[in-house]
Amino acid sequence: MMINIDYTVIPPDRVISPTEQLISAFNSNQGCRVGECTVASRKMHIYNVQNPGEIQILKNVDAGRLFYNKSDCDKIVHLDIFHECGPVDHRLVAAAITDSIIHFNSTITGSEQVNSNLIDIQTSTGGGRITGNLTFGQKRSLQQAHQNHVHVAAMLLDNSLSSIFYITLAVEAAILQCGLELRRIDTITPLFSSGEQLMDLSDFTDQNDSLLKESEPDLNPVISQQTSDITSNDEQTYAISNAKQNSGLSKINAQKNSVEGSCNQQCLLSLGDNNSASILQYLTYKNTNPNLAYKHLSNIERHIRRLLKNFFKGNISTSRRYSTYASSGTLQTISKLSSNDYSSGILDISATVQAAAVRTISANNTSLAISCGDLNFKKLIPSKKIDICFILDASASMEGPRIQIAKALILRLLNTTAARISLISFQDNEAVVKTTLTRSKEKIKIGLASINPYGATPLALGLKTCLTHLKENKASNPLLVLITDGLPSYASGITDDPLNDALKIADEIRSSNYKFTCIGLDSSQDYLSTLAYIAGGCVYYCK
């Protein structure tokens, strides 16, 4: 029972920086999102039944202690991969993870290698050790509780945490092969508090053949389906701290009490197409409705034009404007006009002929003659310059129709505005100025053509690079246009949180008195609304 997994989408060199972020998050007793539908931590995490897109990390509840009664903490990594409610074949998941570990181990040596015997799973169809006989996890309440996610627990030390990306890739591929959709995690909320209360975990425990229990396992055990070490977890209670608003415990109990009810799930992420997994920040995301963004193209363009009109009213139709004034010359017939004889500027022929006609009729003359006093000129008055900087999300999830719609928008505006345009892309762990401020269509087209989506979403880095670029190039009345489809997933170093990093830069945008708008391509509305508000701008959602 195997599935084809394309591991080339996760080159080893691209997981170095994300792995460092995982280590940082774990060392801070927090968790983080891996891609869009997986949450990883060494703590317990649960979804909010009333709002399944919210995942809560219980910072003071160690996964190893909770699940396996381990006395030492920070040894077990807890992964939950969310999907449409439905059955996910746990045997298929086990086979996929086993294959991913074989691939991962083939790329590294020594202590970094992962032992497949030390990985447990649970889905809505069953679970157990992935190298065992997979006949466990059959308790009805346990299966019901896993209708919308695949649970993975693994012994992973810091030097092998990069395997998480390959495990997630494998699980997502298995979910899709089962014909189910992946589901997005909208927010991750860390909780920590003081005080002790007991939570009944009996509905979440069952017989198992795990080698992750308290006694240190033999790292190379002889596995036999006939002689597997089958143990039983007694009905358990676990002491956890009271959240300050009691939200942590109440939501855990709400999740526990909902196992007999309807399945709660997050919003749609992608359809169950074997070739279109959303895997992590490193897999190509295939938009399931390519026409969705395109039908908004004209509306997005009108949104930006409306902003330009409001910000720089009367100064955007041409690169300069005119002020009409009349010559103060005496009334004499002009046989030849010389630019040296009259006021500087461009002759306004219409206004001049009109003035001559009015004078001729008033004087009851029968022939039209233009005199010096009839002359009207257009004096050139430099317009307020406008610069537009596009900050384009080029992470993996933008692959396909999303990056195409972003490029199409920029090209359409390029053809119809006199403003200078610059282009900055951000992806993985960097932000690059693809094109400095210019009116050259050719340069912009070359910059757009060089953008190929991959990697994480370093939003703060993209915004910061834009601010530096505009200041160094002394931009005139800049309008910053951010185009993105997701939440930031890479911290730029201002804080340890990618979301807070971007909000800090948004505050700098407001302080710089720059204009800002965000185009959200099927992205988190709450976060982008907050980002735009802090930046003093607005947001347009393409849903």
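Helices (H or I, at least four residues) and strands (E, at least two) are DSSP runs, numbered from the N terminus. The model is a predicted one, in which local features need pLDDT of at least 70 and side-chain atom pairs count only at pLDDT 80 or more, while totals for chains, interfaces and linings use all residues. Residues are numbered from 1 along each chain as its sequence is written, and side-chain values use heavy atoms, with hydrogens and water left out.

**Confidence**

- The mean pLDDT (the predictor's confidence in each residue, from 0 to 100) of the protein chain is 76, and 73% of its residues reach 70 or more.
- Over residues 193-198 the pLDDT stays under 50, and the model has 20 contacts (heavy atoms within 4.5 Å) for this stretch beyond four places in sequence.
- Residues 265-293 also have a pLDDT below 50, and this stretch has 100 contacts in the model beyond near neighbours in sequence.
- Where pLDDT is low, the predicted coordinates should not be read in detail.

- Burial is stated here by relative accessible area: buried means under 20%, exposed over 50%, and partly exposed in between (1.4 Å probe, protein chains only).
- Ser 163 belongs to helix α5, which covers residues 163-177.
- Ser 163 counts as buried because its relative accessible area is 0%.
- Leaving aside residues up to four places away in sequence, Ser 163 touches Phe 104, Val 114 and Leu 156.
- Phe 165 and Phe 104 are separated by 61 residues in sequence, and their C-alpha atoms lie 9.7 Å apart in space.

**Helix α10**

- The buried residues of α10 are Pro 401, Arg 402, Ile 403, Ile 405, Ala 406, Lys 407, Leu 409, Ile 410, Leu 413 and Leu 414.

**Salt bridges**

- A salt bridge is a side-chain nitrogen of Lys or Arg within 4 Å of a carboxyl oxygen of Asp or Glu; by this rule the count comes to ten.
- Asp 158 forms a salt bridge with Arg 42, with 3.1 Å between the closest N and O atoms.
- This pair links distant parts of the chain, 116 residues apart: Asp 158 is in the loop between β8 (149-155) and α5, and Arg 42 is in the loop between β2 (38-41) and β3 (43-47).
- Asp 158 is partly exposed, with a relative accessible area of 33%, whereas Arg 42 counts as buried at 4% relative accessibility.
- Glu 181 and Arg 183 form a salt bridge in which the closest N and O atoms are 2.9 Å apart, and both Glu 181 and Arg 183 are buried.
- Asp 387 and Arg 420 meet through their side chains in a salt bridge (2.8 Å, N to O).
- This pair likewise links distant parts of the chain, 33 residues apart, with Asp 387 in strand β19 (residues 387-393) and Arg 420 in strand β20 (residues 420-427).
- Asp 387 is buried, with a relative accessible area of 0%, while Arg 420 is partly exposed at 22% relative accessibility.
- A network of salt bridges links Glu 301, Arg 305 and Arg 412.

**Surface patch**

- Patches are made of residues with over 30% relative accessible area and no salt bridge; like charges are joined within 9 Å, and nonpolar side chains (Val, Leu, Ile, Met, Phe, Trp, Tyr) within 5 Å.
- Leu 347, Ile 349, Val 353, Leu 368 and Ile 370 form a nonpolar patch on the surface, together giving about 400 Å² of accessible area (Shrake-Rupley method with a 1.4 Å probe; for residues, only the protein chains shown count as cover).
- Ile 370 lies in the loop between α9 (349-362) and β18 (376-382).
- Ile 370 is partly exposed because its relative accessible area is 32%.

**Positive phi angles**

- Asn 364 is not a glycine, although its phi is positive, at about 55°.
- Asn 364 is in the loop between α9 and β18 and counts as exposed at 69% relative accessibility.
- Lys 474 is not a glycine either, and has a positive phi of about 50°.
- Lys 474 is in the loop between α12 (459-472) and β22 (478-484) and is exposed at 71% relative accessibility.
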